[in-house]
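Please read them with the structure open.

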Amino acid sequence: MKIAIIGGGVTGLSAAWELQQRGIEFILLEASDRWGGKVVSSKLELPDGARFLVEGGPDTLITRKPEAWDLATELGLLDQATNPGSETRGTFVLDNASLHPIPVSPSLFFSTPLLTPRGKLRLLAEPFQPARRDDEDESLADFVRRRLGQEALDKFIGPVLGGIYNTDPETQSIMVSSPIMREMEKDGGGLFAGALKRMLRKKKRRAPFAFVSFKNGLQALTDELARQLTGDLRLNSRVEKVTRDGSGYRVLIADGNSIYADGVIFATLANQTSSMIRELAPEASGRLDAICHQNIGTLSLVYGESDVPKEPYVSGLMIPRREKRMIDAVTFTSRKTPERSTAGYAVVRVFIGGGAPQMVDFSDEQLLEATQKELGELLGIRATPQIWTAFRWQNGFPQAEVGHLKRIDEIETLLPANLALAGSSYRGIAVPDCIRQGREAARKLSA
Ligand SMILES: Cc1cc2nc3c(=O)[nH]c(=O)nc-3n(C[C@H](O)[C@H](O)[C@H](O)COP(=O)(O)OP(=O)(O)OC[C@H]3O[C@@H](n4cnc5c(N)ncnc54)[C@H](O)[C@@H]3O)c2cc1C
């Protein structure tokens with residue numbers, strides 16, 4: 001039995017790892033010249049020797065979903081695990097063109113002008129709202145409106161969740177993005193009660209901290225996977241299509257080669273998978289193509305410490321789409337993880353692609369100019385960065401709209417035998433979700 005895995009991001013690498021544990025022959029095909037996909041850590045250096053570690057894609061992994069922690073344990077990587085903290089101090093939201101701290105403490109909550117007294121009362125009345133206990137999907141916005149009120153949605157919860165998922169909360173599926181909130185409602189009757197119940201139950205956690213990263217960046221995880229995989233691993237191997245070949249499949253690679261496999265795992269985005277199976281499974285292909293994918297990108301810019309205003313102390317800024325800015329969010333990497341930067345410098349990470357998708361197609365020059373303008377107007381950073389880098393993914397960020405999981409179930413029934421889908425377009429976008437899906441796909445095809 002031989003399985004082909006298409007896509008060498010964290011999903012494909014995890015699928016390969018699982019097959020290797022099961023002693024099953026595999027070939028892993030990656031279009032680009034590196035492993036890891038969106039997991040990409042990069043080192044920047046200035047002529048004076050100052051060094052910075054920046055992340056292009058993910059920067060922290062939540063350990064409540066145990067898959068990344070478990071994988072790091074299996075790979076022997078825990079000695080490099082770091083606690084990036086879950087510090088929310090200094091996180092702001094842009095509202096009517098001015099910055100407001102996100103009310104994460106009782107004192108901030110009562111003093112914030114973000115919510116009217118009526119909005120605050122509505123939020124505090126959350127425990128008295130009727131609980132929904134079915135398993136039907138709804139939008140993130142509908143959920144927040146129902147439990148916490150329209151103001152909480154508009155003023156900070158929407159921008160925060162919309163920012164995390166680079167999405168419009170009005171269309172985003174709660175069952176994909178935050179199923180835990182629905183579980184808390186089902187289990188405890190509400191968010192406050194559900195959270196309390198969970199705290200009291202205190203399941204023994206495997207990881208000692210809520211989020212994890214690695215000393216040399218998250219790419220340590222995908223690098224280590226690639227290093228420990230002993231199967232047939234091929235970079236620069238873009239798969240064009242997959243066709244039937246007897247009882248198995250023929251995988252056609254862009255360089256003209258083709259390989260036979262008994263089963264295929266597509267560890268690629270739905271829009272990429274769609275084009276590979278157009279002839280093999282036209283209906284599934286059409287439905288995969290209908291899943292929306294947004295542009296996304298990040299820039300990491302290094303400034304002299306004195307070029308960045310000290311007040312207000314901003315460590316993160318979420319920018320709702322209604323503010324009509326060119327950038328979506330900002331993180332002060334050097335404030336959140338100072339050990340990754342030489343002292344005396346400030347590293348700012350900017351997220352793009354949601355509010356102004358065209359940013360991802362800009363030339364470097366246009367991109368820097370547009371970003372600088374925003375950082376100047378919003379945060380008073382007017383200097384030119386001493387060094388910077390950008391990562392861009394066109395149509396690279398899947399949007400799980402209401403009813404998404406049901407649609408994926410249906411698409412899977414349209415696939416021929418021994419083909420599996422795994423990764424961020426399907427059942428969860430976070431890295432632990434991707435690891436889980438990669439491993440599940442491997443288990444399914446090797447059963
Ligand atoms: C800016 C950003 C920040 C994020 N932050 C976090 C975070 O903090 N925490 C978190 O948990 N998650 C985060 N995520 C989400 C997470 O990083 C991704 O969902 C995850 O890395 C996706 O992994 P993947 O392997 O499924 O897909 P990808 O990483 O997209 O990998 C797919 C691979 O398939 C290859 N490929 C495509 N087509 C073909 C083909 N035809 N033939 C062969 N190969 C092909 C591509 O080159 C690519 O390497 C973030 C994502 C982004 C973009």
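This is a predicted model: local features need pLDDT of at least 70, side-chain atom pairs count only at pLDDT 80 or more; totals for chains, interfaces and linings use all residues.

1. Ligand shell. The ligand is surrounded by 36 residues. The closest are Thr-11, Glu-30, Lys-38, Thr-60 and Ile-429. By type, the shell splits into 18 nonpolar, 14 polar and four charged residues.

2. The side chain of Glu-30 places an N or O atom 2.7 Å from a ligand oxygen. For the side chain of Lys-38, the corresponding distance to an oxygen atom of the ligand is 2.8 Å. Val-431 uses its backbone instead: an N or O atom there lies 2.8 Å from a ligand oxygen.

3. Which elements build the shell? Those that supply at least two residues each are α1 (10-21), α11 (270-276), β15 (293-304), β19 (387-398) and α16 (431-446). The top contributor is α16, with three residues.

4. Where does the ligand sit relative to the domains?

5. Nonpolar core. The largest one holds 41 residues. Ile-5, Leu-28, Phe-214, Leu-221 and Ile-265 make the most contacts inside this core. Two or more residues come from each of β1 (2-6), α1, β2 (25-29), α2 (67-75), β9 (211-214), α10 (219-228) and α16. Domains 1 and 2 both give residues to this core, so the core too lies between them. As background, nonpolar side chains in soluble globular proteins tend to be buried together.

6. Helix α10. Is this helix enclosed or open? Seven of its 10 residues are buried, so α10 is largely enclosed by the rest of the structure. The buried ones are Gln-219, Ala-220, Leu-221, Thr-222, Glu-224, Leu-225 and Ala-226. Leu-221 is also one of the residues with the most contacts inside the largest nonpolar core.

7. Backbone exceptions. Most residues other than glycine have a negative phi, and most peptide bonds are trans. The peptide bond between Glu-311 and Pro-312 is cis, with omega about -10°. Pro-312 belongs to the loop between β15 and β16. Lys-324, not a glycine, has a positive phi of about 55°. Asn-418, not a glycine either, has a positive phi of about 60°.

8. Lys-324 is in the loop between β16 and β17 (329-332). Lys-324 counts as exposed because its relative accessible area is 71%, against a cut-off of over 50%. Asn-418 is in the loop between α15 (404-413) and β20 (419-421). Asn-418 has a relative accessible area of 37%, so it counts as partly exposed.

9. Ser-306. This residue lies in the loop between β15 and β16 (316-318). Is Ser-306 buried or exposed? Its relative accessible area is 69%, so Ser-306 is exposed. Ser-306 and Ala-4 are 302 residues apart along the chain, and their C-alpha atoms are separated by 52 Å.

Key: Residues are numbered from 1 along each chain as its sequence is written. Side-chain values use heavy atoms; hydrogens and water are left out. Helices (H or I, at least four residues) and strands (E, at least two) are DSSP runs, numbered from the N terminus. Buried means under 20% relative accessible area, exposed over 50%, partly exposed in between (1.4 Å probe, protein chains only). A residue is near a molecule or strand if one of its heavy atoms lies within 4 Å of it. A polar contact is a pair of N or O atoms within 3.5 Å; within protein, one must be able to donate a hydrogen and the other to accept it, and residues adjacent in sequence count only if both atoms are side-chain atoms. Ala, Val, Leu, Ile, Met, Phe, Trp, Tyr, Cys and Pro count as nonpolar, Asp, Glu, Lys and Arg as charged, and the others, Gly among them, as polar. A nonpolar core is a set of buried Ala, Val, Leu, Ile, Met, Phe, Trp, Tyr and Cys residues joined through side-chain atoms within 4.5 Å. Domain bounds come from an automatic or database domain assignment.
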